[in-house]
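Keep the viewer open as you read.

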Amino acid sequence: MVKKRVRKTHHHELFVSCWSYYKKTFCIELCRVGALSFRFSNNVYLFSVITASVDDVARLHRTIFHKYNRVIPPVYNQSHSVSVNLSLFLLMIHDLDMKNQVLTTSGWLNIQWEDEFLKWNKSDYGGVEDISVSQKKIWLPDLLIENTAQNFAELGNSAMLVSIDYDGKIFWEPGFVAKTICEVNIGKYPFDYQLCEIKFLTWMHTNRTLEVFPGTGEVSLDACIPNGEWDITSTEAESYFYPSTYRPGTKHTGVTFRIHLQRKRTFYVLNTIVPVVMLSLLNVLVFLLPASSGEKMALAVTVLLSFTVYLSIISEVMPKTSESISILAVYLTVLLSLSTMSVLSSGVVMNMIHQKPDRPIPKWVNCLLCCRLRELRVEKRKQVETDKQQSSTLRRYENGDAKRRHSDSDSKIYPENMSLMDPKTDKEGTIGHEFSVLYDETEFDFNKYDPLQDITWIEVGDAVDNLLFWVFLMLTLASTSVVFLMFSF
């Protein structure tokens with residue numbers, strides 16, 4: 001019995017010690033999270049749970065808003081200004097209207113300041129640390145979007161709430177959908193970068209009563225939804241002020257949020273750049289078509305109309321301003337000019353090849369047909385040499401050399417021609433006279449030879465086409481290279 005009693009006593013003490021340890025640990029953990037308070041004395045734990053009732057919250061509202069006036073800046077010393085921190089959380093870039101130069105965005109602001117009139121001791125109100133009230137019940141900074149492209153409107157609405165901490169710190173996060181003015185630079189369209197700003201400025205409060213500072217150095221993009229046309233490369237936030245127009249010597253303060261945008265280029269490269277470059281090559285290939293095919297003028301006019309269509313499409317997108325001119329628009333204008341010149345040149349060539357054959361060719365064609373004229377001179381020289389050789393052979397026949405050398409064979413093979421080869425039978429000397437005349441005609445003077453007399457108008461048209469092909473090819477390649485170099489810088 002003694003052993004059983006000792007064993008039972010030992011188990012009881014072990015149970016009590018474990019229970020005390022876990023109870024103490026549990027109470028300390030609850031106190032750590034603020035669920036209860038306790039006092040330890042003589043192994044006795046006294047604790048009470050801290051909770052806020054509806055009456056505590058209602059009593060808090062009645063107390064702090066009893067004499068509250070929302071039109072008075074929330075500082076006891078009215079010679080001091082209220083400091084407001086402003087941060088922007090961008091949700092989405094909806095559109096950048098290049099023609100009207102308007103940026104449409106949506107997001108919300110994080111606005112923080114201290115209201116000295118809205119402070120309380122949380123232990124007096126059941127531990128209430130913060131409350132949320134309608135934004136119409138407290139003082140708000142009169143912030144507006146300064147560079148708006150629509151009507152000026154206050155931030156938020158009556159349905160939005162404001163969070164108030166027990167130490168007087170105010171948190172206000174109004175949402176917005178803003179259309180702001182954005183001066184676009186279309187110089188490098190569609191490889192352009194744009195800088196757009198969203199400016200928030202105090203409307204009536206000056207720096208004597210209200211000062212606005214950026215909460216962070218950039219725009220928060222954590223919740224931003226990607227845009228299909230623009231990429232956001234970087235953002236900035238910095239202080240901004242504007243001199244007061246009604247109170248000289250003071251200024252209205254605010255924050256400027258800058259958004260750097262880069263256009264996504266794939267769509268424009270596939271639908272604009274590549275077709276334009278291909279059309280420029282077709283503009284050159286007009287001069288490779290023979291004029292006799294009948295399609296030369298039709299191709300030139302088709303390319304001209306294609307450039308006109310592309311230029312009109314780009315003109316519809318571009319803003320009507322002369323402050324910046326699109327390189328692509330200038331490039332299309334140059335190609336349009338070249339296409340117009342190709343149509344005119346094709347008409348001139350078609351007119352050339354349909355000239356009457358007996359119409360003389362002007363002397364200025366020499367510079368275009370220098371190669372062809374050189375070929376004609378060479379051909380003429382070869383022809384003259386051939387004629388000389390034939391004349392020399394005929395003279396040998398005239399002097400009887402051929403007769404003595406071939407008399408036997410000729411008499412057997414061509415007996416009917418003997419009378420012509422025998423000087424005795426040619427009593428009048430007509431054969432020798434004819435040979436001498438032929439020889440005199442083959443004495444050709446190259447200094448008096450004009451190769452233009454052997455040139456046709458079709459050859460003139462082909463030469464003009466060949467020259468224009470290289471001229472237009474060089475102009476097209478040069479303009480295209482310059483444009484792409486300007487895009488790269």
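Helices here are DSSP runs of H or I with at least four residues, strands are runs of E with at least two, and both are numbered from the N terminus. Counted this way, the protein chain has 10 helices and 13 strands. Keep in mind that this is a predicted model.

Start with the whole chain. Of its 489 residues, 36% are buried. Now take the contacts with a separation of 6 or more: residues 24 or more positions apart account for 76% of them.

Next, turn to helix H2, residues 54-64. Its buried residues are Asp56, Leu60 and Ile64. These cover an arc of only 50 degrees around the axis, so they sit on the same side of H2. Strand S5 (130-134) is included in what covers them. The face turned away from that buried side carries the exposed residues Val54, Asp55 and Arg62.

Now move on to a helix pair. Two packed helices are described by the angle between their axes and the distance between the axes. For H3 (residues 266-285) and H4 (residues 296-317), the angle is about 155 degrees and the axes are 10 Å apart. Angles over 145 degrees count as roughly antiparallel. H3 and H4 are therefore roughly antiparallel to each other. Their crossing is left-handed.

Which residues meet? From H3 come Asn271, Thr272, Pro275, Val276, Leu279, Ser280, Leu282 and Asn283. H4 answers with Leu299, Val303, Ser306, Phe307, Tyr310 and Ile314. By type, the residues of this contact divide into nine nonpolar, five polar and no charged.

How values were computed. Residues are numbered from 1 along each chain as its sequence is written. This is a predicted model: local features need pLDDT of at least 70, side-chain atom pairs count only at pLDDT 80 or more; totals for chains, interfaces and linings use all residues. Side-chain values use heavy atoms; hydrogens and water are left out. Axes are lines fitted to C-alpha atoms, for helices over the stretch in contact, and angles run from 0 to 180 degrees between N-to-C directions. Angles under 35 degrees count as roughly parallel, over 145 as roughly antiparallel, 65 to 115 as roughly perpendicular and the rest as oblique. A crossing is left-handed if the near helix is turned anticlockwise from the far one by less than a right angle, and right-handed if clockwise. Contact means heavy atoms within 4.5 Å. Ala, Val, Leu, Ile, Met, Phe, Trp, Tyr, Cys and Pro count as nonpolar, Asp, Glu, Lys and Arg as charged, and the others, Gly among them, as polar. Buried means under 20% relative accessible area, exposed over 50%, partly exposed in between (1.4 Å probe, protein chains only). The arc is that of the directions from the helix axis to the C-beta atoms.
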